[in-house]
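My entries follow the order of looking.

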Amino acid sequence: MEDYKYLFKVVLVGNAGVGKTCLVRKFTQGIFPPGQSATIGVDFMIKTVKVGNDKIKLQIWDTAGQERFRSITQSYYRSAHAIVLVYDVSCQPSFDCLPEWLGEIESYANRRVLKILVGNKVDKGDEREVPERIGRDFSDVNHFDYFLETSALDATNVDQLFEQVATRLTNDMKITDERVHQYRADATNTSSSSGGPIKLIDRAQTQLNSCCSRQ
Amino acid sequence: MPESAALHSRYLSGVPAGRKNGSRIASEGKDKNPSKEPAEKQFDFSRKIRELRLELEIKKREEERIEKDIAIILEENTIDGGEQNRSFGLAVTRLNNHMLVVENSAKQLTSALKNISSLADTISGRVSALDVAKTRVVGCLQLAGDMRDLGVCAEGIDDAIRSEDFETASQHIHRFLTLDQAVFQIREFKQKDATDSIRHSYEVLSSAKERLSKILKSRLTEAVQKEDVAEMQRFVKLFPMIHESDEGLQRYSVFLNQKIDKLAEDNLKIMKAGGTDDNRRNVLYADTLFMFFEGVADIIESNLPVLEHSYGLEKLLDFMFILQARIDEFFRRLLEEFDTRRRLSHLNRLVDDILHHKKSATDHLEDSPDPLEVDAIASEICMMNTSVDMYWRFVGRRIGKNDVDLARSPSGDDDEEIDEEARLERQRLRKEAKEQKMDQLLNRSRVGTKMQELIGKYCLLEHFYMLKSVQKAIKSDAKEDVGGLTSSVVDDVVFIIRKSIRRAAGSGNVDSVCATINNATALLDTVVHNSLHHNIQAGYVTSANFASEAFTAYQQGKQVKEAAESQKEQFLLALNNSAKLSELLIELQKGLIMEWSKIKRPPVEKNKLEHSTTQIEESAKKLSSLAKHGAEELFKSAFKNKIRQGADPYQDIDRQMTMQDVEHYEAHDPFMEHFLAQIDRLLVENEPVLFPDNYKTIVLLTSSEIARQIEAAIAKCQFNRYGALQLDREYRQICAYLTNVAGWSAREKVGRLGQIVALLNVETIDEAMEVWHNSKTMTTSTTRTLTLPEVRKVLALRADFPTIAIKSIE
């Protein structure tokens, strides 16, 4: 059961009613729950996906969008590996709130977190209020790592969204792993040649520590 | 059967006419048989027919035999043929006559069978007609009964109402309302007066229902006004009978709402007066809430059975909604008071600013909230949530307990006709609707949403409390006893975190627990980690780096020696604290899991908690790697150089030895004993000041360093067989010592050295290759096998091995 290679924390945020819970349910259980009522606090799901030959476990924290849960949801930012910010393409106000959410992400989340912007409910067709180009521009300007339009109702891009999250996080993690190995190798090399370059090891160690304890 | 039929036709051709009929009867009988069977199961001909057939078969064989006999006789008697022929002709005529008789009998049998079958048909027809008649009669009886009931109801109703026997009256109306509608549709009755009487009864009852409903309403309202509980309960029971449940509930809830309002008023009055117990003043609002919900639960508990019996459970949930409005109102007033008295909003704003650095902390130093005050309020909010939670559970238990009843009670009549699947489906839908309603009540009522808001505020306060307490613990850190390895900050930090997480768990709200764990681990990873990291990074002072340290100390105007000593102490303390804290956090995590495993929760919540607690483990791992890093630092400044210096003389020993040298060294150890004693002194010196985990790290680092130094020294020597023998002895000394000090894990660190020693201790190169190949299969994961170039290098150290041979090995 527990033979996964990496475990990642994915946190979904965004205004109430943009369809966060439906996205997660569609992805984890393959169902679109009609008449889904507002989430209370934080919902939690686990799903294992495959990236290449590696099993990746995604821990998905689906937060409530309503203001009164804000202090609870804020506590999840810091340890998140990826934050998925969702808005509703058929609801301009949910898009207008994005800067506010971005502010939260910047002040609480770790700097290297994977940021993903999602415009949900593209199935609404004529009711669309936010054109795809506007969403994409916003994502570019604000340095999101990825932008995607989805529909939990007809399953457009839902799997792709989470696969992207898993793939990108796995690749990042692999690079970090390699770098750590490189540091280790450097450290042993320099130490065997003894004496002088102790400071180099120190620096490597400090860097290593600061990557581990993302502050 | 067809086989025997074929047999017949074969044998019967050219046989007298009577035979043919016989076969026809037989086949006719066979055809009849199945058609008759369903009509009359009592008469079973098949056995008889089988017997007849058997007999026929016997007769046939007999005939064959006779024919043969006749042929023989004829042949024998052709000579005196005339006489014989005549008698034969007579016999044949006789036989023919017999056959005619048989044919007649068979015909009779056929007609008899036909007769029987038609009789059976008639009987079954009669029976089904009777059945129809019976159902009609039952229907008529029912209708007649209904009509009679109607009559009785119509007659009795006025009397009942007049004599204030409302129970009977309601029963009449109930009967009237549940009567089959067919009764009222009888119009074309032959006796006109019958229809008239029905119409009359209908009118009487309809108007009676109106009257009764009016009376009941006014009586109930009156009773509510007079607060006459017995009357109320008497009347409220009657409303479902006249199909006006909602009216009844509405009026009854007025009464209960009055009671709730009074309860609310009383509790608020006590609360405003400051409560009854001065000792509980800091949980006054939580206590008030608790008392109020106890009271409400009491009211519901004492009134619900009446309603449950006559209204059914489904209506109860609606009833709870009506009551909820009043409870919401009380909660609003309580919170208002709570907010102003405890300055919650104000506190919350300050805490939010400080936690999220919205304003510089210095601006607010004077009005920064007192952690003790925050602590008290946090506890109080948790208690409030516990009360609310308790009440919800009470409602859930009270309303949700009889799920089965719920499925059965409201429309039990048509249940029989609907198959199981549809019933289950309906049950599921009803359950879903109920769950939705419960969710509406629990999570979306004002009490629900306000409590969620309050819990959000609590999380902030708890975060603030942890932050301030941890900061204070770091500031007032002190080594409690002189011999101790760690200081107060470790226990304090764990205590604070445990207290906060436990408090959150006590509130019953899982999300607040997760948030608190998130915030706690954030503190561990930042504030606590940084303070330890800072002290470790400052480094460990030894005579080697003393000069530079002394210079800094001098610049800062401190006593040089004192500064060095204190920094050394700080370093060791931080190192040991990290290791201990890591250990305690793992313990804390396990403890929490144990504690929570006993509580029943939905699986999602269990999952949430489980995954949240892993963060504590992650923080512990970070601290443990910090400790390891610190131990490495310590090793570098206090051990590494000494080991290297100690190993220096080793390479000076001449390894081209004689037998005598080896024997001499056995008694007078040239190096190793002294070297190990030196190391032992180092370790012994440091063991008491190091936390066990850290000491272990140091020992392992020491082992590796010994191996590295000895290996480096070996590389500078030239061995012969005896020199290698001496080396082997020394390697064993090292192994024995390390195993003694640190167990097998230390042995692994010198595994590579062991391989080198083994390679050198061979007679020939071939033997060396064998040793190498063997080591390949035996190595554990932690020690790497020597590579081929390395093997060549090692073997080159044996002065007595030819260089060319070494180069050519593969």
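The rule (a side-chain nitrogen of Lys or Arg within 4 Å of a carboxyl oxygen of Asp or Glu) finds 1 salt bridge across the interface of chain B and chain A.

The model is predicted, with pLDDT of at least 70 needed for local features and 80 or more for side-chain atom pairs, while totals for chains, interfaces and linings use all residues. Residues are numbered from 1 along each chain as written, chains are lettered from A in the order written, and side-chain values use heavy atoms, without hydrogens and water.

I then counted polar contacts (N or O atoms within 3.5 Å, one able to donate a hydrogen and the other to accept it; residues adjacent in sequence count only if both atoms are side-chain atoms). Between chain B and chain A there are 10 such residue pairs, both at pLDDT 80 or more.

Which helices of chain B each supply at least two residues of the side that touches chain A? I noted α15, α16, α18 (510-537) and α21 (603-647), helices being DSSP runs of H or I, at least four residues, numbered from the N terminus.

I took the contact (heavy atoms within 4.5 Å) as a whole: 40 residues come from chain B and 32 from chain A. The two chains bury about 2,900 Å² between them, 52% of it on carbon and sulfur atoms; this is accessible area (1.4 Å probe) lost on being put together, summed over both. B:R444, B:D511 and B:H611 supply 17% of the area that chain B buries against chain A, more than any other three residues.

Last, I checked α15 (420-444) and α16 (446-475) of chain B, whose axes come within 4 Å and cross at roughly 45°.

Notes. Axes fitted to C-alpha atoms, helices over the stretch in contact; angles between N-to-C directions.
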